[in-house]
Amino acid sequence: METQDKVRPSAVLNSDFRKGMRRLSSSVSLITAGGELGRNGMTATAVCSVSAEPPILLVGINLGASIHDQIMQSGSFGVNLLRPRHRHLADRFSSGLSGEARFEHGDWQQGALGVPILEDALASFACEVIKVVTVGTHDIFFGQVVGIDVGDGTPLLYGGGQYEISLAANPLDYHATL
């Protein structure tokens, strides 16, 4: 079945949409790019698994983001899942700094496809862009994972407009007492 874009003006206020989305907690990632234009990156929560075979991730990048054109030009991106101790990096990568200045902190390595990989990330993925879909103000980049590093621990979470404490690892801690 062929689908068509059905995006049309909405009666939903942007402020209401943003307020609703702030109720969604997500892992915090640094999306990175390398290549001829140098290193760049941004903080993101718009990361999602698409397929396990082959392994494919998607990231949503605003058309006006400084990293957008670098991903388009290089055809690759990195996804670095952050730990709670990386909060300062999440803040740095979402600040007014751009390009190489964002990489002055953290232990950065060059990963597969030349994408910057955070050495002690909870998990890092190097992805080759296989498809780009424009929807509204963002491009959705689909990337086939060609390199991965995975560690142990808990993710840095963001929800309600702030960083959150990771949930307890013991499943019994989630059961309500009656």
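These legends walk through several close-up views of the structure.

This is a predicted model, in which local features need pLDDT of at least 70, side-chain atom pairs count only at pLDDT 80 or more, and totals for chains, interfaces and linings use all residues. Residues are numbered from 1 along each chain as its sequence is written, and side-chain values use heavy atoms, with hydrogens and water left out.

**View 1. The largest nonpolar core has 16 residues.** A nonpolar core is a set of buried Ala, Val, Leu, Ile, Met, Phe, Trp, Tyr and Cys residues joined through side-chain atoms within 4.5 Å. Buried means under 20% relative accessible area, exposed over 50%, and partly exposed in between (1.4 Å probe, protein chains only). Look for Ile31, Ile61, Ile71 and Phe77, which touch the most other members. Among the elements giving two or more residues to this core are strand E5 (55-62) and strand E6 (76-81); strands (E, at least two residues) and helices (H or I, at least four) are DSSP runs, numbered from the N terminus. A second, separate core of twelve residues includes Leu30 and Trp108.

**View 2. Threonine 32 sits in strand E2.** With 0% relative accessibility, threonine 32 counts as buried. Its side chain reaches the backbone oxygen of proline 116 at 2.7 Å. Leaving aside neighbours within four places in sequence, the contacts of threonine 32 (heavy atoms within 4.5 Å) include Asn40, Phe77 and Trp108.

**View 3. Glutamate 100 and arginine 39 meet in a salt bridge.** A salt bridge is a side-chain nitrogen of Lys or Arg within 4 Å of a carboxyl oxygen of Asp or Glu, and by this rule the count comes to three. Here the N to O distance is 2.3 Å. The pair links distant parts of the chain, 61 residues apart. Glutamate 100 is partly exposed at 43% relative accessibility, and arginine 39 is partly exposed at 27%.

**View 4. Arginine 85 forms a salt bridge with aspartate 120.** The closest N and O atoms are 3.3 Å apart. Arginine 85 lies in the loop between E6 and H3 and aspartate 120 in the loop between strand E8 (116-118) and E9, so the pair ties together parts that are 35 residues apart in sequence. Arginine 85 counts as exposed at 52% relative accessibility, whereas aspartate 120 is partly exposed at 28%.

**View 5. Glutamate 104 forms a salt bridge with arginine 92.** Their closest N and O atoms are 3.1 Å apart. Glutamate 104 is exposed, at 57% relative accessible area, while arginine 92 is buried, at 17%.

Methods:
A polar contact is a pair of N or O atoms within 3.5 Å; within protein, one must be able to donate a hydrogen and the other to accept it, and residues adjacent in sequence count only if both atoms are side-chain atoms.
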